[in-house]
Amino acid sequence: MSQKTVKEHNQREIKKAEKDAPSTVDLLTEAEKLMPELRTLAYCTTKAVEHGYKENFQATKDGLKSLETSRQYTPEQLHVMNFYRFEGITDPADMSVLYVIRTDDGAKGTLVDAYGTYSDENISKVMRQVEDIAKRNTTSDNKQYKSTPTQ
């Protein structure tokens with residue numbers, strides 16, 4: 001798919017999110033009502049790319065692989081800067097998660113996975129081993145800390 005086609009598709013998805021039917025809006029949380037754009041995978045992916053997260057990662061049995069450079073990364077080399085979980089309002093099986101990732105060598109990109117029953121076991125395995133996940137590694141005063149492995 002060309003860059004132009006992807007942008008057009010993303011714009012259509014954003015417009016859908018902004019024009020939800022009133023019955024759908026009633027099912028949303030207060031946070032989702034305040035930020036409707038964060039409900040679509042397309043919108044969040046577009047924003048990540050705009051912020052320089054342009055590489056696409058694919059899970060392997062040993063870590064993640066950049067589809068652009070073919071470089072392999074182990075979980076120790078990965079830093080999840082943010083992640084977003086999406087749930088289909090009308091279909092509970094329509095769940096996904098977007099990981100926004102930076103690597104030790106400065107590569108920045110995204111990884112998408114199904115959430116729940118349909119998730120990729122390689123992605124799940126890698127993400128369980130990643131120590132630096134921003135949302136998980138934050139104290140109540142919002143300061144970042146580095147977790148230490150438990151034995």
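A hairpin links strand S1 to strand S2 by way of two residues. Strands (E, at least two residues) and helices (H or I, at least four) are DSSP runs, numbered from the N terminus. This is a predicted model, in which local features need pLDDT of at least 70 and side-chain atom pairs count only at pLDDT 80 or more, while totals for chains, interfaces and linings use all residues. Residues are numbered from 1 along each chain as its sequence is written, and side-chain values use heavy atoms, with hydrogens and water left out.

S1 and S2 (residues 63-66) are antiparallel and pair over four bridges; two strands count as paired if DSSP finds at least two bridges between them. Across this pairing, Gln58 stands opposite Lys65 in S2. S2 also runs antiparallel to strand S3 (residues 72-73), joined by two bridges, and Leu64 stands opposite Tyr73 in S3. Five residues separate S2 and S3 in their hairpin, and in the turn Ser70 has a positive phi of about 65 degrees.

These strands belong to an open sheet of seven strands with mixed pairing, in the order S3-S2-S1-S6-S5-S4-S7. S3 and strand S7 (132-133) are the edge strands, each pairing on one side only. Helix H4 (residues 41-50) packs on the sheet and touches S4, S5 and S6, with its direction at about 5 degrees to that of S5. H5 packs on the sheet as well, touching S1, S2, S4, S5, S6 and S7, and its direction makes about 125 degrees with that of S6. For these angles, axes are lines fitted to C-alpha atoms, for helices over the stretch in contact, and values run from 0 to 180 degrees between N-to-C directions.

In soluble globular proteins, nonpolar side chains tend to be buried together. A nonpolar core is a set of buried Ala, Val, Leu, Ile, Met, Phe, Trp, Tyr and Cys residues joined through side-chain atoms within 4.5 Å. Here the largest one has 16 residues, and Leu64, Tyr99, Ile101, Leu111 and Met127 have the most contacts inside it. At least two of its residues come from each of S1 (55-60), S4 (78-87), S5 (95-103) and H5 (121-129). Leu111 touches, among others, Phe57, Leu64, Tyr99, Ile101 and Met127, where contact means heavy atoms within 4.5 Å.

Terms used
Buried < 20%, exposed > 50% of the residue type's maximum accessible area, 1.4 Å probe, protein only. Lists of a residue's contacts leave out its neighbours within four places in sequence.
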